[in-house]
Amino acid sequence: MAAKSIGTAFSLVFVQIGVTALLVGIAAAIFFRSRPDIDPAHPVGSARWHRRYMSLGAKALLGLAAMIDLAMLGSSLLMWTGTVTPWAPLVVALPILAAVAVAVVVFARNNRARDEGEEDTGLTHREDDKYWRSGLFYVNREDHALMVPRRFGLGWTLNFGNPRATMLLAGVVALIGLVITLRFGG
């Protein structure tokens, strides 16, 4: 068996350090840049839950990265020393499986906002199914917004419960009709 240099034996660790730095950046971006999905009926409690859930998610992601680092370190040590045993695969698998199990338990236990006695405001969320017709058309007379984010895909859609949306749509149709009449009618 040929002797292994430190660079060859621990190349996985160096790659994993780079991946860990990338995951730290991603976790920081998720934690500091994500827009909370606030429940209008319980805004204070849902904001608190969102911050806690994002913090737990970032910690779980970083814990997983740390366990992958540990597994790669163990694998590199086994490679460097030339150790071949039947338990060697466990050195890689156990830390990663433990981190995944912990992350699953953390997310499963904390995936719902708990009502902490906050008084219900009576407001409902725009994502409530009763306001979406066929999942595409938003109709809510109590929401004064003219346009709302689309439920699927990118962009915005009109609030068809707002009378201004009907006027805007009628104006666009009239403008298109006018352009067609002027272009092809004369």
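Predicted model: local features only at pLDDT ≥ 70, side-chain atom pairs only at ≥ 80, totals over all residues.
**Exercise 1. Work out how the chain is built: how many helices and strands does the protein chain have, and in which order do the elements run from the N terminus?**

Step 1: The order is α-α-α-α-β-β-β-β-α.

Step 2: Turn to burial and contacts. Of the 186 residues, 23% are buried. Among contacts with a separation of 6 or more, 49% join residues 24 or more positions apart.

**Exercise 2. Find the nonpolar surface patch: which residues make it, and which helix gives the most to it?**

Step 1: Start with the whole surface. The protein chain exposes about 13000 Å², and carbon and sulfur atoms supply 69% of that area.

Step 2: Locate the patch. Ile6, Leu70, Leu73, Leu77 and Trp80 together form a nonpolar patch of about 450 Å².

Step 3: Assign the helix. Helix α3, spanning residues 43-81, gives the most, with four residues.

Step 4: Take a closer look at one member, Leu70, which lies in helix α3. Leu70 counts as partly exposed because its relative accessible area is 44%, while exposed would need over 50%.

**Exercise 3. Examine helix α5: what distance does it reach from its first C-alpha to its last, and which residue caps its N-terminal end?**

Step 1: Take the 22 residues of α5, 163-184. From first C-alpha to last, the helix reaches 32 Å, close to the 32 Å expected at 1.5 Å a residue.

Step 2: Look at the N-terminal end. Asn162 is the cap, with a side-chain oxygen 3.0 Å from the backbone nitrogen of Arg164.

Conventions: Residues numbered from 1 in each chain as written. Heavy atoms only, no water. Patch = residues over 30% accessible without salt bridge, like charges linked within 9 Å, V, L, I, M, F, W, Y side chains within 5 Å. Areas by Shrake-Rupley, 256 points an atom, 1.4 Å probe, with all protein chains shown as cover. Salt bridge = Lys/Arg side-chain N within 4 Å of Asp/Glu carboxyl O. Helix = DSSP H or I, 4+ residues; strand = E, 2+ residues; numbered from the N terminus. Buried < 20%, exposed > 50% of the residue type's maximum accessible area, 1.4 Å probe, protein only. Contact = heavy atoms within 4.5 Å. Expected span 1.5 Å × (residues − 1). Polar contact = N/O pair within 3.5 Å; in protein donor to acceptor, adjacent residues only side chain to side chain.
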